[in-house]
Amino acid sequence: METILILLAGLLIVAGFIGALLPVVPGPPISYLGLLVLQLTSAHPFSLQFFIIWGLIVFVLMVLDNVIPAYGAKKFGGSPYGIWGCIIGMVIGIFFSPIGLIVGPLVGAFAGELIGGQTSDQAMRSAVGSFLGFMASTVLKLIASGMMGYYFFINAL
């Protein structure tokens, strides 16, 4: 049973890291769940304080995940069309990795803003804002999921 729990926790950690890249999968909460599963093993590697701190970090990241892209778009004159275009571009870009992960959100945000009725200059400016906000949020999620992965691997192996 111990081995099954460790394998399950490891799969959750990996899924959480991948989910940090995908806008539709909540990466950090999945990674956090991996740490909780690891806690069920006989090693009990983490303290209550550790889980409270990481729970707060994950909660804040989930809030920021919705706020940062919108802030970036608004700061550069964007609209919800640009944000949705950025997300759709990211999903499509996954199939054209690694370049698609960078170009997809930018092109998607630009197309979204054009669909929203902005001129090409306005659309490019707000697409850059949407893209920067989206990438900042993604980097924060990757860092958090990577750190939780680190804690998993130093305690599970």
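At what angle do helix H2 (residues 27-39) and helix H3 (residues 48-75) pack, and how far apart are their axes? In this predicted model, the angle between H2 and H3 is about 165°, and the two axes lie 9 Å apart. Because angles over 145 degrees count as roughly antiparallel, H2 is described as roughly antiparallel to H3. The crossing in which H2 passes H3 is left-handed.

The H2 side of this contact is formed by Pro28, Pro29, Tyr32, Leu35, Leu36 and Gln39, which meet Phe50, Phe51, Trp54, Gly55, Val58, Leu61 and Met62 on the H3 side. Sorted by class, the residues of the H2 contact with H3 comprise 11 nonpolar and 2 polar ones, with no charged residues.

Pro29, which lies in helix H2, takes part in this contact, and its partners, leaving aside residues up to four places away in sequence, are Val58 and Met62. Pro29 also stands 7.1 Å from Gly16, C-alpha to C-alpha, although the two are 13 residues apart in sequence.

Leu12 and Pro80, in turn, are separated by 68 residues in sequence and by 32 Å in space, C-alpha to C-alpha.

| Residue | Relative accessible area | Class |
|---|---|---|
| Pro29 | 26% | partly exposed |
| Leu12 | 16% | buried |
| Ser126 | 0% | buried |

Since buried means under 20% relative accessible area, Leu12 with 16% is assigned to the buried class, whereas Pro29 with 26% is assigned to the partly exposed one.

An unreviewed UniProt entry places the feature "transmembrane region" at residues 50-71, 83-111 and 131-153. For residues 131-153, the end C-alpha atoms lie 32 Å apart, and the span is 100% helix and 0% strand. For residues 83-111, by contrast, the end C-alpha atoms lie 10 Å apart, and the span is 83% helix and 0% strand.

Technical notes. Residues numbered from 1 in each chain as written. Predicted model: local features only at pLDDT ≥ 70, side-chain atom pairs only at ≥ 80, totals over all residues. Heavy atoms only, no water. Axes fitted to C-alpha atoms, helices over the stretch in contact; angles between N-to-C directions. Helix = DSSP H or I, 4+ residues; strand = E, 2+ residues; numbered from the N terminus. Parallel < 35°, antiparallel > 145°, perpendicular 65-115°, else oblique. Left-handed = near helix turned anticlockwise from the far one by under 90°. Contact = heavy atoms within 4.5 Å. Nonpolar A, V, L, I, M, F, W, Y, C, P; charged D, E, K, R; others polar. UniProt positions renumbered as here; feature names shortened; annotations may be inferred. Buried < 20%, exposed > 50% of the residue type's maximum accessible area, 1.4 Å probe, protein only.
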